[in-house]
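User: Hello! I am new to this structure and would like to get to know it step by step. Could you take me through it with a few questions and answers?

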Amino acid sequence: MEEYSLDRHLKSYCDAHEEYQNLYATWSLNRKSCSEMLKTVLLRYPHYSLHDASHAEAILSKIEMLLGSRVSQLSPTDTWLVLHAAYAHDLGMVVQWRDLQKAWSDLAFQNYLTSLAEGEDKDLRNAVQWLRKMEAGKKDDALWPLHIVRSVQLIDAAYFRSQHAAMSKSYIERIAQGLQIDLGHSGLVRSRLLQLLGEICACHTAPEDQVLELPYETNGFGSDYAHPRFVAMLLRLGDLLDVDNGRFNAAAEEVIGGLPESSVAHKEKHEATKHLLITPEQIEFASDGPDEPSYLEARRFVNWLEAEIRFLTMNWVILVPKGFGGFAPRFEKPKLCIKGVPDAEGLAGLHFEISQKKAFEIIEGSNIYENKLVFIRELLQNAMDASKIQLWRDLCAGTYQAWIGEKDSKKLQALQPYSLQAEIYHSYPIKIHLSTDEDQVTQIEIEDRGTGITLDTFKRMCNVGASPSGSDELKKEIQCMPKWLRPTAGFGIGLQSIFLVADRFEIVTNNGTEVLTAIAHSNQNGGYLQIKKEGSRPFRGTTIRIALKVPIAPSFTFAGKSFYYWYFQYDPMEAQNCLGELQILDEVSNNYGTSLFTVHVSSNNPSVGSQTITHLIPICENFAADKWERRDNYLVQFENDCSTAKLWNETNAVYAELSLHPESRSLSEVRFKGVRVKDNLLFHEQCLGAVIDIYGFDTKSCLRLNRSELTKEGNRILSDLMLELHDCYIEAVLARLNGTDKQDIALLQSKQFNLFHFWLACLPAKAKSRNQNRSFENSDGNCFCTAVCKRFLQDPAGQAWQHPPL
């Protein structure tokens with residue numbers, strides 16, 4: 001049997017054609033230098049499969065099997081590119097010490113650690129937890145140094161692995177500082193070809209479509225031609241097909257103390273390979289794994305290989321050099337087993353899918369949204385999210401430098417809401433205009449000054465359940481934002497909620513680059529999204545227009561404007577009534593109170609008029625530092641002689657208003673980033689009510705899918721916050737009561753501050769859930785407030801103090 005070798009093919013061609021001798025000469029040198037460099041990959045990735053010269057040779061072997069006799073048809077430059085791509089595509093896994101130093105000192109890396117702590121990988125979560133324990137000085141395990149070494153190793157590998165293709169490209173295109181990589185050997189190979197090699201290597205982890213962004217054909221080293229797309233596909237297939245046994249270093253496993261779970265499954269996938277056949281005509285694969293994780297890894301491999309073969313087949317003509325014989329190999333039905341038990345009917349590639357139509361049926365049928373008008377809340381939330389991101393981009397671009405001074409990225413992330421003047425927030429108003437035509441159709445127009453919508457964002461919006469803020473670049477950008485400014489996003493079904501009330505809606509958006517107009521149709525009308533690069537919108541942002549028939553529903557908010565209009569003014573015979581407009585107005589009023597941006601509603605109908613529904617949270621409006629006192633990580637401002645307090649938690653970005661009430665148990669309200677989530681909530685303590693607005697916690701962790709209820713984790717966070725807020729308020733008032741006599745007298749003689757109600761608020765309603773060592777309690781467990789109250793049972797004038805009747 002004749003073997004076809006890429007190395008021999010290049011050597012024989014270069015020996016026969018003197019003008020190409022530099023190609024083989026540089027390949028011979030680069031093969032050795034790359035092999036030496038790839039040996040260091042094991043230092044950073046000891047728990048990964050081998051990515052040294054053995055992996056590169058395996059890739060070349062698989063490519064030679066795929067090409068067969070067609071190896072001889074490759075041009076010398078194509079051959080040189082294939083050989084180098086096999087050895088250079090993983091050079092980015094060589095991580096220098098300076099790269100580690102730069103990463104760990106970067107703010108984006110710290111945000112990455114936070115994402116790992118909240119991620120699905122248990123080993124990485126534990127790694128971050130160990131780091132956090134060490135930061136807190138909790139060295140309660142004698143083996144903590146070993147845990148730290150392993151934790152840092154896992155984190156470094158996860159972080160740089162995702163970037164290694166781009167890093168390989170960077171190493172190849174220029175002489176890397178410290179590594180002294182010069183694959184062109186001072187001009188023996190043109191820099192143009194090195195840049196092409198870098199782009200080919202960068203494609204090996206990229207989506208398939210990125211291959212088509214490479215040129216189909218370009219001039220080669222001499223008078224030949226190179227075919228970058230074809231070389232990139234050969235690299236992708238060869239890399240993927242290195243699925244045989246023996247890919248892991250057993251000695252390294254012992255040295256590092258064993259593999260993490262994800263690597264165990266990956267190793268077992270390789271060891272489970274029972275049959276592998278690669279020829280120019282077909283590929284066969286069989287696997288028998290020991291458990292479900294290894295079986296799932298094998299399934300992922302099968303699905304990935306099927307996708308690559310399908311892409312190669314469909315694009316054969318625009319990928320393969322002209323006159324290149326043959327066709328894409330067939331991928332015969334794979335055989336996957338677990339402990340000898342075959343996959344049912346060989347359907348290894350099946351996975352759950354749900355159509356957009358079915359998704360809407362589930363959304364509507366499962367009562368995720370109890371109120372169909374909830375689309376107003378969802379659209380306003382989208383508008384606010386877009387405004388938050390645009391505000392952040394403007395801050396980073398220095399738009400408000402004259403107001404807040406010059407800030408670097410760390411200082412910008414440390415900004416608090418009160419760091420910005422109210423005028424800055426007012427630059428991003430959200431406007432709702434309502435009107436009703438003679439056919440009783442309510443026209444709703446919602447306008448914002450946010451980021452606008454790009455074509456890529458439109459694509460994500462068409463995927464039910466995909467969050468508009470779901471791109472990797474945008475996720476990284478959001479992670480760099482202060483907690484209080486981060487958008488809500490989360491579930492990705494908000495915009496589609498419009499179809500609960502309308503069959504179509506219109507979007508006009510200016511994303512700063514172009515103006516787009518889109519018409520979205522419900523699934524009943526085909527579910528299409530028509531987009532045109534036209535429209536009239538002079539400033540950045542988005543306008544959404546919806547038309548719906550009124551009355552939408554026979555239920556109204558009690559004491560709302562639509563309630564009174566329906567019972568006292570509504571005339572069904574009237575040509576134009578404003579019932580629909582008032583329902584929209586009530587929906588906005590019921591869901592929003594204060595936020596980072598104002599919401600203004602206007603209508604030509606006098607029953608609706610023009611009014612600002614949402615105002616800035618007080619911490620953003622005319623902030624004066626001398627009116628707020630600092631208590632640990634809280635800012636506190638008193639009103640009405642301490643009977644009311646406004647609090648801002650700088651660490652967790654939580655705003656709250658607490659107030660004393662004569663009722664024994666006062667009702668409270670909870671908001672999430674300005675939107676009402678929960679009301680009629682009993683506060684933990686007697687005579688104390690609160691409005692709590694949570695800005696600094698993750699949406700998916702805190703809210704259920706309908707955004708109207710808290711999750712179990714959200715309720716736990718809320719419970720902890722209520723205790724914190726209570727203690728902060730009580731301690732702040734006690735500090736005044738225990739201060740100067742002048743302060744005491746003024747507070748006790750106030751008609752607004754009720755000492756008896758305050759005393760009741762101090763008593764823990766759930767003593768078992770409270771820490772008995774609170775700062776306002778004596779060592780014997782008695783409430784310190786009791787002693788303070790006793791001190792003032794008789795006022796300075798000698799008059800006995802009488803508490804109000806119970």
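This is a predicted model: local features need pLDDT of at least 70, side-chain atom pairs count only at pLDDT 80 or more; totals for chains, interfaces and linings use all residues.

User: Thanks! To begin, where is the place of Ser 186?

Analyst: Ser 186 sits between two helices, α10 (164-173) and α11 (191-202). Its place is therefore in the loop that joins them, with a relative accessibility of 71%. So the answer is the loop between α10 and α11.

User: Is Ser 186 buried or exposed?

Analyst: The cut-off for exposed is over 50% relative accessible area. Ser 186 has 71% relative accessibility, so Ser 186 counts as exposed.

User: What is the phi of Ser 186?

Analyst: Ser 186 is a residue other than glycine, and its phi is positive. The value is near 55 degrees.

User: Which loop holds Asp 632, and what is its relative accessible area?

Analyst: Asp 632 also has a positive phi, near 55 degrees, in a residue other than glycine. Its loop lies between the strands β17 (629-631) and β18 (634-639). Asp 632 is exposed, with a relative accessible area of 72%.

User: How many cavities of 30 Å³ or more does the structure hold, and what is the volume of the largest?

Analyst: The structure holds two cavities of that volume. For the largest cavity, the volume is about 110 Å³.

User: Which element gives the most to the lining of the largest cavity?

Analyst: The lining includes Phe 230, Met 233, Leu 234 and Leu 237. Two elements give two or more residues to it, α4 (53-67) and α12 (228-240). With four residues, the one that gives the most is α12.

User: How many nonpolar residues are in the lining of the largest cavity?

Analyst: Among the lining residues are Leu 66, Trp 316, Phe 324 and Pro 329, as well as Arg 70. By class, the lining has no polar residues and one charged residue. The nonpolar residues number 11.

User: Which elements give two or more residues to the lining of the second largest cavity?

Analyst: About 40 Å³ of space lies in this cavity. Its lining includes Arg 377, Gln 381, Val 675 and Val 677, and by class it has four nonpolar, two polar and two charged residues. The elements asked for are α18 (374-396) and β22 (675-682).

User: Is Thr 451 buried or exposed?

Analyst: Thr 451 is found in the loop between β9 (441-447) and α22 (455-461). Beyond its neighbours up to four places away in sequence, Thr 451 touches Ala 386, Ile 389, Gln 390, Arg 393, Asn 510, Asn 511 and Arg 540. The cut-off for buried is under 20% relative accessible area. Thr 451 has 13%, so Thr 451 is buried.

User: How many Å apart in space are Thr 451 and Ser 387, C-alpha to C-alpha?

Analyst: Along the sequence, these two residues are 64 residues apart. In space, C-alpha to C-alpha, the separation is 6.5 Å.

User: Which residues does Glu 253 touch, not counting those up to four places away in sequence?

Analyst: Glu 253 lies in helix α13 (residues 250-256). At 13% relative accessibility, Glu 253 counts as buried. The residues it touches are Phe 248, Gly 258, Leu 259 and Lys 267.

User: Which backbone oxygen does the side chain of Gln 110 reach?

Analyst: Gln 110 has its place in helix α7 (residues 107-117). With a relative accessible area of 28%, Gln 110 is partly exposed. At 2.9 Å, its side chain reaches the backbone oxygen of Trp 104.

User: Finally, what is the relative accessible area of Lys 431?

Analyst: Lys 431 lies in strand β8 (residues 430-436). Leaving aside neighbours within four places in sequence, Lys 431 is in contact with Glu 445, Ile 446, Glu 447 and His 600. Lys 431 is partly exposed, and its relative accessible area is 40%.

Conventions. Residues are numbered from 1 along each chain as its sequence is written. Side-chain values use heavy atoms; hydrogens and water are left out. On a 1 Å grid over the protein atoms alone, a cavity is a set of points where a 1.4 Å probe fits but cannot get out, and a pocket is an open set with protein on both sides within 12 Å along at least five of seven lines; lining residues have an atom within 4 Å of a point. Grid points are joined across faces, edges and corners, and a volume is the space filled by probe spheres set on the points. Ala, Val, Leu, Ile, Met, Phe, Trp, Tyr, Cys and Pro count as nonpolar, Asp, Glu, Lys and Arg as charged, and the others, Gly among them, as polar. Buried means under 20% relative accessible area, exposed over 50%, partly exposed in between (1.4 Å probe, protein chains only). A polar contact is a pair of N or O atoms within 3.5 Å; within protein, one must be able to donate a hydrogen and the other to accept it, and residues adjacent in sequence count only if both atoms are side-chain atoms. Contact means heavy atoms within 4.5 Å.
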